[in-house]
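Trainee: I would like to learn how to read helices, cavities and pockets in a model. Could we go through them one by one?

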Amino acid sequence: MTWHVDEQSAQRYVARRLDSTSTSSIESHLLACDRCRATVGVAVEDDLLAFVWSEISDALDRPRLGWAERTLRWLGCSDTSSRIVAATSRARLSYVIAVAISVAMALVASWSGGDGAFSAFLMLAPIGPLVATAGAFGRWADPAHAVLSVTPTSTLRIVLIRTAASVVPAIALTALSVPMLLDRGWLSVAWLLPTLALTLGALALSSWVDLEIATMIVVGAWISTPILIRAPRRELLDAFAGQIQFVSIGIAIAGALTMVVRHTTFEYREG
Amino acid sequence: MGSYVNIRGLTKRYGRSQAVAELDLDVGAGVLGLLGPNGAGKTTLMRILATSLAPTAGTVNVLGHDPADAEGRLEIRRKLGYVPQEVGLYENFTVFDFVDYIAILKEHTDRRTRRDEVRRVVEAVDLGDVSSKKIRKLSGGMRRRVALAQSLLGDPALLVLDEPTVGLDPEQRLRFRGLVSQHAERRCVVLSTHMTEDVEALCDRVVVMNLGRITFDGTPVELAALAKDQVWLADVPDPRALVSWRTGEGRHRNVGTAPAAAELITPTVQDGYLLLGGRVPDEAVA
């Protein structure tokens with residue numbers, strides 16, 4: 001090689017004070033010349049070098065974001081919140097199956113036009129979001145829950161973020177059934193308030209027992225009540241149009257208040 | 001900080017079953033080993049120290065704070081590293097992703113410093129070469145090291161490690177001991193284990209628990225000394241021994257009341273621990 005980088009050029013190169021042609025020329029030369037790499041290396045400040053290496057490591061180590069996390073960040077969610085949501089995918093299949101069952105029931109109701117299938121749909125519709133709730137936290141849903149529960153980040157915050165992130169899509173998917181049932185008028189969405197009530201009820205109950213158990217109790221109570229009282233289909237539909245909506249509002253409020261009053265039990269379990 | 005943990009009259013009941021009974025314990029800097037059989041109450045005690053579980057009765061003070069108080073609990077958790085007995089990880093995360101996630105939950109909000117810290121702890125447990133590997137592709141020992149890495153985030157004042165060496169090979173266990181020793185020079189480590197070799201190699205102090213109570217509290221040397229003149233070698237298992245097993249040299253190591261003219265040998269921590277398992281000598285309770 002007949003040409004080498006002199007000290008002055010090296011300093012100007014490091015300070016980015018060279019034109020683009022000279023910069024490219026030096027960079028090409030550095031690839032093949034140990035001596036000039038040493039010359040330029042001396043000109044680089046340690047802090048700048050450390051920063052560059054840190055940026056490279058950061059780019060290499062940066063977590064590869066899944067579609068859920070990318071979507072949440074695009075919607076403006078913080079790093080923390082979107083990571084909290086992305087961490088548990090174990091429950092997704094479960095609630096997708098539950099939602100698929102209720103949408104299938106809506107299809108049957110729409111095709112048959114009968115009250116039996118429709119009332120079954122109204123009973124099944126909240127199950128998908130409830131399964132999503134069960135997937136928010138706990139031994140089944142979150143394998144790392146033992147570690148998470150002793151971090152400074154509030155366990156209740158984790159539970160609420162994940163519940164919202166799972167329940168909202170579950171409700172949205174279930175709502176795909178609504179266009180099939182428009183002939184039923186507003187009753188096609190009469191499952192929404194019960195869904196809210198049962199979700200808040202399960203969360204409130206989880207201040208006493210594990211969230212998965214709380215959800216199973218709530219699902220069991222919801223499904224078994226009309227069976228136990230042997231409610232005829234017509235009466236069940238009338239109840240959805242009236243009493244169930246009012247009772248749901250009451251349960252939702254009671255559930256929310258319970259969570260507020262007992263919020264410390266989410267952070268520090270007694271059993 | 002003189003004392004990291006102060007416990008008085010700690011009791012924990014699950015229904016009618018008592019996991020920990022009227023336990024008093026003070027823990028300072030260094031490494032405390034917790035030994036005991038299954039069901040002794042070790043994991044319950046570890047969970048209480050880690051603020052994961054509330055006691056039924058008694059007073060607990062960790063790093064100068066009461067975990068029953070919300071503010072105090074938050075302060076403890078900011079200076080705590082915890083490895084639970086059952087290590088649960090996210091299979092679809094890489095090693096780096098997982099530790100980075102826990103770092104976020106541990107309030108390391110600045111991205112650059114958080115990533116540097118994650119790299120530090122991942123390198124410390126010798127997982128730097130596989131940091132971009134998915135956790136589902138890791139061996140059991142590597143998974144345990146991931147759990148250990150997240151516990152080291154933020155250089156915690158108190159490390160609570162519940163059976164951390166399960167699944168580690170001898171070389172990894174040696175490295176783990178080095179890591180813990182280094183950390184414990186200025187900090188407190190409470191380590192629950194079944195491996196008496198870990199206690200012998202690592203711990204300044206050992207507490208033996210059984211049925212929710214402390215049956216021994218002293219140094220590993222003192223625990224081994226409980227078996228003084230009660231460990232001997234013979235060509236066949238001695239029926240008078242409490243415990244007897246065949247060694248690699250083909251002879252039998254016996255622990256118990258040695259007969260006259262027995263070929264006595266120097267007892268180990270394991271021998272002392274085995275003797276405690278057979279009885280609860282008054283002199284063994286601190």
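Trainee: How many residues does α13(A) have, and what does it reach from its first C-alpha to its last?

Mentor: Helices (H or I, at least four residues) and strands (E, at least two) are DSSP runs, numbered from the N terminus. The expected span of a helix is 1.5 Å times one less than its number of residues. Here α13(A) has 18 residues and reaches 25 Å, close to the 26 Å expected at 1.5 Å a residue. This is a predicted model, in which local features need pLDDT of at least 70, side-chain atom pairs count only at pLDDT 80 or more, and totals for chains, interfaces and linings use all residues. Residues are numbered from 1 along each chain as its sequence is written, chains are lettered from A and ligands numbered from 1 in the order in which they are written, and side-chain values use heavy atoms, with hydrogens and water left out.

Trainee: Which residues of α13(A) are buried?

Mentor: Buried means under 20% relative accessible area (1.4 Å probe, protein chains only). In α13(A) the buried residues include Leu211(A), Val218(A), Val219(A) and Trp222(A). Among the elements that cover the buried residues of α13(A) are α11 and α15 (243-261) of chain A. Just after α13(A), Arg230(A) takes a positive phi of about 50°.

Trainee: What is the volume of the largest pocket?

Mentor: On a 1 Å grid over the protein atoms alone, a cavity is a set of points where a 1.4 Å probe fits but cannot get out, and a pocket is an open set with protein on both sides within 12 Å along at least five of seven lines; lining residues have an atom within 4 Å of a point. Grid points are joined across faces, edges and corners, and a volume is the space filled by probe spheres set on the points. The largest pocket has about 710 Å³. Of its 33 lining residues, Arg139(A), His145(A), Ala146(A), Ser149(A) and Arg47(B) lie nearest the centre. Elements giving two or more residues to this lining include α13 (211-228) of chain A and α1 (42-49) of chain B. The most, three residues, comes from α10(A).

Trainee: How many cavities of 30 Å³ or more are there?

Mentor: The count is three. The largest cavity holds about 60 Å³, and α6(B) gives the most to its lining, with four residues.

Terms used:
Buried means under 20% relative accessible area, exposed over 50%, partly exposed in between (1.4 Å probe, protein chains only). Contact means heavy atoms within 4.5 Å.
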